[in-house]
Amino acid sequence: MKRELYDKLVSYIIENQNKFYRLAYSYVKNQDDALDVVQNAVCKALEHYEDLKNEDAMKTWVYKIVLNESYTLLKTKKRIILSEDNSYWEIPYEETGFEIHDDLYSRINQMESDLQNIIKLRYFEELTLGEIAQVLKMNINTVKTKLYRGLHALKISVEQEAGV
Amino acid sequence: MKRMAEAKETYDNIPIPEELSERVMLEVRKAEEKHNKKITTFRRASFMKKGFAAVAAIAVLFTAGVNTSEAFAQGVSEIPLLGDLARIVTFRSYETKTEDLQISVDIPSVEMISQDLQGLEKSVNQEIYTFCEQYAQEAITRAEEYRQAFLETGGTEEEWADHQISIKVWYEVKAQSDQYLSLAVMGSENWTSAYSEARYYNLDLQKGKWITLKDILGDAYAQTARESIVRQAELLEKETGMEYWLEDWTGVDENTDFYMNQAGNPVIVLEKYEIAPGAAGVQEFEISQDNGSGLENGAGKAPAQENGSSQEDEATAPFQEDYEDNFAVDTEAIVAYAQLIKTAVAEKDLEKLADLTGFPVYVGFPEEGLVVETREDFLALDPQAVFTDDMVRSMEGCQESSLSPSMAGFTMYDQDGAPSITFGVQDGKLAISGINY
């Protein structure tokens, strides 16, 4: 039975590799790093697959690993700044890519970690709030609050987004 | 909301490097090997039995599964769009090679674009998937047994490797239209033809359900089909000398396999030994629905040969008879086609006429002739301009039984010589190429 779960995990990873790549890329901003992140994430996921309890948890579990590996790489390359209390990180202005556009996508990439993660998972990867809560190990209400805070910071009206 | 959609688009447009797949597979393989070392009772891949995998590392090449809309955008393994109602994509496509076995599996999956048909979609795909997996698994078991028997009776490993055992699971789109989708999924192995299997999936896309023979041929379907098949088999007996077992044959019932061809006719598939000796192979009979004119577009044809290596024969979807040129077409087919055209014109039915037309088509209106590029453009024409009184009269008066071929094809007109409709062989089948006034 374990074997079956393992195989499903492998399939899931292979089928969704593009999504993981894009998510990683949105953090690390270049191809080589994004490839490294995905490779590391796959490695970790397969190595620790026994931590995976059941198939239902698979999706959020893998996303969590991808985010962690992205973060790890940024930390390793010192491309992020930790907040004073270590509760979140930010990508400094200079690191956000060659060209800074003042478009929404760029601004999302400049947000602090929690807000950025939530916005991306919600709108780019289309996870449900419940799934996001699992990925980020947060209470779902916290997720909602931060989501709205994030949208507010991006100056997107919450009413508009509620219709999304 | 628009801004967020734009942001998402920027995100979705992040290009995927080719290298990604290699990197992912590298990790998959590494992890696979680690696991094999750890626990010897694991099966190495979900399809390989332990004994059989007693060879060096298996190279498993998956192509990324494509049952997500994101992958569609990438055009990975996408099969033509089928009308606007369904798409077939390859759900899982992989090739496995070991030193002495090659397995190639393409499992199709149907995606219904309409949300209403999700129930049908699930059940179709579940069935297809189950069939494919099961077939592949059984074929592997058979291969393993064969191998053991081979070795036990004195064969060597080298000789075995020379066998080039290969198992193939694949599918063909038999027919597609806005109304229906007919899909055949096949499994075969190259060392024995005894176990080849085919399953047919005929879907009514409008109503969201399976199509049965009864749906197509009516309540008397068993009789209609039987009569048609008996007629065709008798013809075949004369032509080929092959013996058909017509008295003992139990006929057609709700379990009989069939698929729809592009002409919209059901093609009954009879298993080996069902109606003829095994050497004749699987028999197919098209039941053309000419309502009593007795025309059979194709007598029973035996499809691909029994050994798995000629799978390439089935690579192209069979339409009606494949014609080399206009001179090769049989009279019955010409007459039948001309009659279809006549009906369409008499009914002033633009859609019916479009169905019979090959694109681009030249439409020589009196004021100005046009080249009509697509079916949509054709349907946008003014029916009154197309179905003029003269055209209707001319088609009515045309003697379809005395049409003769020319390089351009067959031209239909009455004694006045005009207006006329010309049709001929295009891409192997008949289609209208010109309409003149």
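**Helix crossing and sheet edges**

Analyst: In this predicted model, helix H2 (residues 17-28) and helix H6 (residues 113-124) of chain A have axes that come within 12 Å and cross at roughly 150 degrees.

User: What makes the contact of H2(A) with H6(A)?

Analyst: H2(A) contributes A:Leu23, A:Ser26 and A:Tyr27. From H6(A) come A:Gln116, A:Asn117, A:Lys120 and A:Leu121. Contact needs heavy atoms within 4.5 Å. The residues divide into three nonpolar, three polar and one charged.

User: Is the crossing of H2(A) and H6(A) left-handed or right-handed?

Analyst: H2(A) passes H6(A) in a right-handed crossing.

User: Why does one side of strand E9 and of strand E11 in chain B lack a neighbour in the sheet?

Analyst: The sheet is open, with three strands in the order E9-E10-E11 (chain B) and antiparallel pairing. Strands E9 (257-260) and E11 (283-286) of chain B stand at the edges and have a single partner strand each, so one side of each has no neighbour in the sheet. From one strand to the next, the twist averages 25 degrees.

User: How do you know that E10(B) and E11(B) pair?

Analyst: Pairing takes at least two bridges. Four bridges join E10 (residues 266-270) of chain B to E11(B), so the two strands pair. They run antiparallel. One bridge partner is B:Glu286 in E11(B), which faces B:Val267.

User: Which helix packs on this sheet?

Analyst: Helix H7 (residues 221-240) of chain B does, touching E10 and E11 of chain B. The direction of H7(B) makes about 115 degrees with that of E11(B).

Key. Residues are numbered from 1 along each chain as its sequence is written. Chains are lettered from A and ligands numbered from 1 in the order in which they are written. This is a predicted model: local features need pLDDT of at least 70, side-chain atom pairs count only at pLDDT 80 or more; totals for chains, interfaces and linings use all residues. Side-chain values use heavy atoms; hydrogens and water are left out. Axes are lines fitted to C-alpha atoms, for helices over the stretch in contact, and angles run from 0 to 180 degrees between N-to-C directions. A crossing is left-handed if the near helix is turned anticlockwise from the far one by less than a right angle, and right-handed if clockwise. Ala, Val, Leu, Ile, Met, Phe, Trp, Tyr, Cys and Pro count as nonpolar, Asp, Glu, Lys and Arg as charged, and the others, Gly among them, as polar.
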